[in-house]
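Please open the structure in your viewer and keep the selection panel at hand.

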Amino acid sequence: MSAHEEINLTVSSFAALGLSETLQRALAKTGYDTPTPIQSGAIPPLLDGRDLLGVAQTGTGKTAAFVLPLLQRLDGDRRHPIARSTRALILTPTRELATQIAASVDRYGRNGRLRAAVIIGGVNMRAQIAALERGVDILIATPGRLIDLVERRKVQLARADYLVIDEADRMLDIGFIRDIRAIARLLPATRQTMLFSATMPGEIVKLGKEILTDPVRVEIAAKTVAVDRIDQQLRFADSGAKRQLLDDLLTDADLSRVIVFTRTKRGADRVATQLARTGVKATAMHGDKSQAARDKALDSFRAGRSRVLVATDVAARGIDVDGVSHVINYELPTDPESYVHRIGRTARAGADGVAISFCAPGEHEQLRGIERLLKRRLTVVGAAPDTRADEGHGDRRPAGRPRQRRRRRAA
Ligand code: AMP
């Protein structure tokens, strides 16, 4: 990854990026008239066949940034896929993300003749095998099931000219990184490769060096994308007081579409059950639920039938729901990057949003990590505990109050 270029253009139209009229029409139908920064930066070099390292989180429009050039390039080269093979492979960490990418492919590629298939775990294999039989142009897959099908010789990757790895840092979290390396080795070395990651931990930098050739780097700083537009509030509360705090917050109708994050799957179930008991329509979504149950939870949230979705980090990856008014961190995540991912569920594609984080006495370490990453303090609403002063947080004070009127003790 030697001399990569930093691209930071803002282009005002999809036509100027070099996208075909067919795709421009599809975009216009979807209601998108202006490319997002990641799209402006990524689409031209991708149309030119360059490898790409995209540092951008969900919510920046990164899916279209790789799907659009991929569709155009595949469509411009009318080779038919051969049986049990694919011309392009998109790897994603979660089933939800795979389904959403498939929806994008379908939306933008509707006018074309390209065939796509989705290969994810947790559902019956037979339909997936049947879909691969004639060969596909685009295969969207989670790594585990894909490797399974490769080993069963139901699909081979030696004809894939395009490889997209989406949310690479999350793949690392889930433990998929070895699978990714193994899969990349099955594709031709001459392929075009795109690697997307919200953050760049050392292991992802290393992966990039291995699988990308002379890539263009497009970086959308997380703080300019979402964080700045989100009203980030911090509320100190003992673990035992969080439940009441959540109930109180939800009496405000402004919290119309809310994602509550918990650290554990059991925590997610517990919070959802408690909310349901108080008459709030809530559903839980986490990795222990069947695919059907997760789809159902997400559909119900998307359609507005449940007001609150309670989710864990992994399950929430790639959730693409418009109009999320509030994200509530019932517990702070252990890694600060997850905080950015979580709050990025609100303020998507130009909208503003509110993120409220609950912090118990045992979570100050996580809070410090988050504030270090953001390079700023979260705004305290309500009371701030005294201990903050001892921890070098002496200038912490409730939002909108002059310093001398600071309240001293948590209730
Ligand atoms: P993504 O980061 O790919 O998950 O996309 C985030 C959201 O932005 C999705 O709801 C997209 O449908 C939407 N989106 C993508 N590109 C644009 C665009 N150019 N203008 C407006 N919305 C967009």
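How many helices and strands does the protein have? Colour the model, which is a predicted one, by secondary structure: the protein has 17 helices and 14 strands. Next, display the surface. Of the 411 residues, 53% count as buried. Contacts along the sequence may be considered as well: among those between residues at least 6 apart in sequence, 74% join residues at least 24 apart.

**First stop: a cavity**

A search of the whole structure finds 2 cavities of 30 Å³ or more. This stop concerns the second largest cavity, with a volume of about 30 Å³. Select R243, L246, D247, V271, Q274, L275 and Y330, the residues that line this cavity. Then highlight helix 11 (242–249) and helix 12 (265–277), each of which supplies at least two residues of the lining. Colouring the selection by class shows 4 nonpolar, 1 polar and 2 charged residues in this lining.

**Second stop: a pair of helices**

Select residues 336–343, which form helix 15, together with residues 364–374, which form helix 16. The two helices pack at an angle of about 70°, and their axes are 8 Å apart. Helix 15 is therefore roughly perpendicular to helix 16, since angles of 65 to 115 degrees count as such.

Which residues of helix 15 and helix 16 meet? Show the side chains of P336, E337, Y339 and V340 in helix 15; these meet G369, I370, L373 and L374 in helix 16. By class, this contact has 6 nonpolar, 1 polar and 1 charged residues.

Technical notes: Residues are numbered from 1 along each chain as its sequence is written. This is a predicted model: local features need pLDDT of at least 70, side-chain atom pairs count only at pLDDT 80 or more; totals for chains, interfaces and linings use all residues. Side-chain values use heavy atoms; hydrogens and water are left out. On a 1 Å grid over the protein atoms alone, a cavity is a set of points where a 1.4 Å probe fits but cannot get out, and a pocket is an open set with protein on both sides within 12 Å along at least five of seven lines; lining residues have an atom within 4 Å of a point. Grid points are joined across faces, edges and corners, and a volume is the space filled by probe spheres set on the points. Helices (H or I, at least four residues) and strands (E, at least two) are DSSP runs, numbered from the N terminus. Ala, Val, Leu, Ile, Met, Phe, Trp, Tyr, Cys and Pro count as nonpolar, Asp, Glu, Lys and Arg as charged, and the others, Gly among them, as polar. Axes are lines fitted to C-alpha atoms, for helices over the stretch in contact, and angles run from 0 to 180 degrees between N-to-C directions. Angles under 35 degrees count as roughly parallel, over 145 as roughly antiparallel, 65 to 115 as roughly perpendicular and the rest as oblique. Contact means heavy atoms within 4.5 Å. Buried means under 20% relative accessible area, exposed over 50%, partly exposed in between (1.4 Å probe, protein chains only).
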